[in-house]
Amino acid sequence: MNIAIYGAQGYALGAYEAVKTLYPKKVISCFMVSTMGNNAPVLGDVSVREITDVSAEMSKEEKDNLEVIIATPENVQPDIEETLENYGFRHYSRLDSERWSELMKMFHIKLDRFLPLSAMPVGYNNPFIRIYMAKSDKDRPLKNPPSLPDYVYPLQVGVERSTLRIADLGDNKGDNISNKNGNYSELSGLYWIWKNKLCSSGIPEGDERQYFGLAQYRRMLVFSEDDLLRLPDNEVDVVLPYPMPYEPSIHAHHERYLAEVDWTALLTALKELQPEYAEYFPEVLEQQYLYNYNVILAKKQVLKEYCEWLFPILERTEELSVPKGKDREDRYIGYMGETLETLYFIKNRERFNVVHTECKLFV
């Protein structure tokens, strides 16, 4: 039975690369999309085609012998199932975030890269963990709100710009950039964590077993009880989501969201403040893999060092931007944060023990 992959973005490309590597006898005939829009005509070496065209060329027997993998964000998968049914495709399956992450885990194990946390031996020591889940009063309500582990604390971001309180913790207390949330998005929450928790003395002793992190209300790193025990005894420094592949590069992907003038401002800021990283930056932009969403869990000192590196660069970028950051609020700094996170931890992959796990999408 041949395979078609529904979707043409990072989820779909990741599924394609993994299936091709793990199941080389499988034939992937095409990527299917509802409309071409801005999608590339080819991903990998397979064409991207509108479902109307694919359907028109196939007989009922051919449709019955086609397996469709729905590799899109989970919130649109029910609608895609209905579309497939309407066009006579009966054999399909959803690649939700859990299944996608399992596929990525086996794919990266096969290629010996982006090490999965769950591939490590289970330890014996419980770490101290605090993950702050950024949420805003402007968030769309979730159909199925998750039950949060006791180490996850909701943190309202952009409180300074809101009259509605939706969490006990807010990013407007202490040293903060809550009023910049329109540009920084969830990163105003990371700034609050840095200044008010990582620099705080009111945390239990033992830095090597203290882990702090950031999640979003819709996206969160997932850990089993065994995963938590793997952290300190394997000397894990950083846990990140499996990176998302983009073709031909993450620079091309971000061109959808950011103007070239903003990238110029970012590169100028890097050259001024971190010239060593500026030299490496073009190489990272031209690679395929991006750490999305600004979600992270790291040792206290590691996360502190990252924030000390990150936020001066973003602040300088705001000053150099056209228009300047104070004159806009289009989340562009949040998008830049994803690329800077990728830059920082790829460049420091020999210095830090970086592992990966599922990033669950809640709908």
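## What covers helix H5

The buried residues of helix H5 are covered by, among others, helix H1 (10–22), strand S13 (244–245), strand S14 (289–290) and strand S17 (359–361). This is a predicted model, where local features need pLDDT of at least 70 and side-chain atom pairs count only at pLDDT 80 or more, while totals for chains, interfaces and linings use all residues. Residues are numbered from 1 along each chain as its sequence is written, and side-chain values use heavy atoms, with hydrogens and water left out.

Which residues of H5 are buried? They are Ser97, Trp100, Ser101, Leu103, Met104, Lys105, Phe107 and His108. Here buried means under 20% relative accessible area, exposed means over 50%, and partly exposed is in between (1.4 Å probe, protein chains only). Helices (H or I, at least four residues) and strands (E, at least two) are DSSP runs, numbered from the N terminus.

## The length of H5 and its end

H5 covers residues 97–111, and at 1.5 Å a residue its 15 residues should span 21 Å. The C-alpha atoms at its ends are 21 Å apart, so the model agrees with that expectation. The expected span is 1.5 Å times one less than the number of residues in the helix.

Just after H5 comes Asp112, with a positive phi of about 55°, although Asp112 is not a glycine. Asp112 lies in the loop between H5 and strand S7 (128–135). Buried or exposed? Asp112 counts as exposed because its relative accessibility is 72%.

Thr21 is part of helix H1 and touches Phe107, Lys110 and Leu111, leaving aside residues up to four places away in sequence. A contact means heavy atoms within 4.5 Å. Thr21 has 27% relative accessibility, so it counts as partly exposed. For a sense of distance, Thr21 and Arg130 are 37 Å apart in space, C-alpha to C-alpha, and 109 residues apart in sequence.

## Backbone details elsewhere

If you like to check torsions, there are two cis peptide bonds to look at here. One joins Glu247 and Pro248, with omega of about 5°; Pro248 is in the loop between S13 and helix H9 (250–254). Another joins Val322 and Pro323, with omega of about -5°, and Pro323 sits in the loop between helix H12 (300–320) and helix H13 (332–347).

Glu235 has a positive phi of about 55° and is not a glycine. Its place is the loop between helix H8 (225–233) and strand S12 (238–241). Glu235 counts as exposed because its relative accessibility is 55%.

## The whole protein

The protein has 13 helices and 17 strands. Its radius of gyration is 21 Å, which agrees with the value near 21 Å for a compact globule of 363 residues; the radius is taken over C-alpha atoms, and the globule rule is 2.2 Å times the number of residues to the power 0.38. Along the principal axes, the C-alpha atoms fill a box of roughly 70 × 50 × 45 Å.

Of the 363 residues, 53% count as buried. Among contacts with a separation of 6 or more, 73% come from residues 24 or more positions apart. The protein exposes about 16,600 Å², with 47% supplied by carbon and sulfur atoms; accessible areas come from the Shrake-Rupley method with a 1.4 Å probe.
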